[in-house]
Amino acid sequence: MAGCNLRCLWCHNPEAIMKDLFDHTTREIFADELFEEICEDKLFYEQLNGGVTFSGGEPILQSGELTDVLNKCKENDIHVAVETAANYSFDLLKSILEYIDLLIVDCKAISNEVYQKCTGRSNEAFIENFKILCNEKRHIWVRIPIVWNVNISIQEIHRIGEFLQPFQLDKVELIPYHKMGIPKYKKYKIEYLLQDVTPPTIEQLETCRDILSQYGIIVSCE
Ligand code: SF4
């Protein structure tokens, strides 16, 4: 879903977050129409024990428009997952939480300074929302983007471990940085600030995994 209130340096979907690019890459769709499209794959979801995942951009920024679609998914026993950075007023999410089976939440950094430098926004709302969701015992997968020396350092991965340790999470994944978004930045003539950053090495990913395991967190890697 188009639109995002963050500007992650590594975002590989610039066309989905910047309003002036929407015309080229997005279309408006009514809730009924969207639900019909979702239903086209219902047999597939049933056979593979799957469901629909709303991604973006930040889908929760359109929670009002999503309500009908999610409600219909619930009524039709379609499993609903939502990928989110969880950085907004909790009220936006609260109104549709009952229709969501799984939240896939980005944990980009715990140090506010690092988070802000990487996304352009404070992480206060993320921290608060994440705690509320965990305390409500929601099903949560955490995704940690690994952009070495950008959002992740030894110190930062320890902070993430300390933060996540108390919570019951369904899954924690490391998402290694990749450069596949660069051609889009070129195409849309947007400056790409991570030109010189390389994807993390196996050793760096193993370091993250080992540090998180010190906090009792078992990770998988995409
Ligand atoms: S939260 Fe996701 S969609 Fe939004 S800027 Fe960051 S990576 Fe891109």
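Okay, strands S2 and S3 to begin with. In this predicted model, S2 covers residues 79–84 and S3 covers residues 102–106, and the two run parallel, joined by four bridges. If you want a spot to look at, find Ala81: across from it in S3 stands Leu102. As a quick reminder, strands of a sheet pair through backbone hydrogen bonds, either parallel or antiparallel.

Now look to the other side of S2. Strand S1 is joined to S2 by four bridges, again running parallel. Ala81 turns up here too, standing opposite Thr53.

Strand S4 is residues 140–146, and S3 pairs with S4 in the parallel sense over four bridges. Here the bridge partners are Leu103 and, in S4, Ile140.

So what order do the strands of the open sheet take? Reading across, we get S1-S2-S3-S4-S5-S6, six strands with parallel pairing. And which strands stand at the edges? Those are S1, residues 51–54, and S6, residues 219–221. Each has a single partner strand, so one side of each is left without a neighbour in the sheet. The sheet isn't flat, by the way: from one strand to the next, the twist averages 25°.

Let's take H9, residues 154–164. Its buried residues are Glu156, Ile157, Ile160, Gly161 and Leu164.

Last stop: a pair of helices, H3 (residues 31–39) and H5 (residues 63–75). Two packed helices are described by the angle between their axes and the distance between the axes. For H3 and H5, the angle is about 35° and the axes are 9 Å apart. H3 passes H5 in a right-handed crossing. On the H3 side, the contact is made by Ala31, Leu34, Phe35 and Ile38, while H5 brings Glu65, Asp68, Val69, Lys72 and Cys73. How many of these contact residues are nonpolar, and how many charged? Six are nonpolar and three are charged, with no polar ones.

Methods:
Residues numbered from 1 in each chain as written. Predicted model: local features only at pLDDT ≥ 70, side-chain atom pairs only at ≥ 80, totals over all residues. Axes fitted to C-alpha atoms, helices over the stretch in contact; angles between N-to-C directions. Left-handed = near helix turned anticlockwise from the far one by under 90°. Contact = placed C-beta atoms within 7 Å. Nonpolar A, V, L, I, M, F, W, Y, C, P; charged D, E, K, R; others polar. Pairing = 2+ DSSP bridges. Buried ≥ 20, exposed ≤ 12 C-beta atoms within 10 Å, placed from the backbone.
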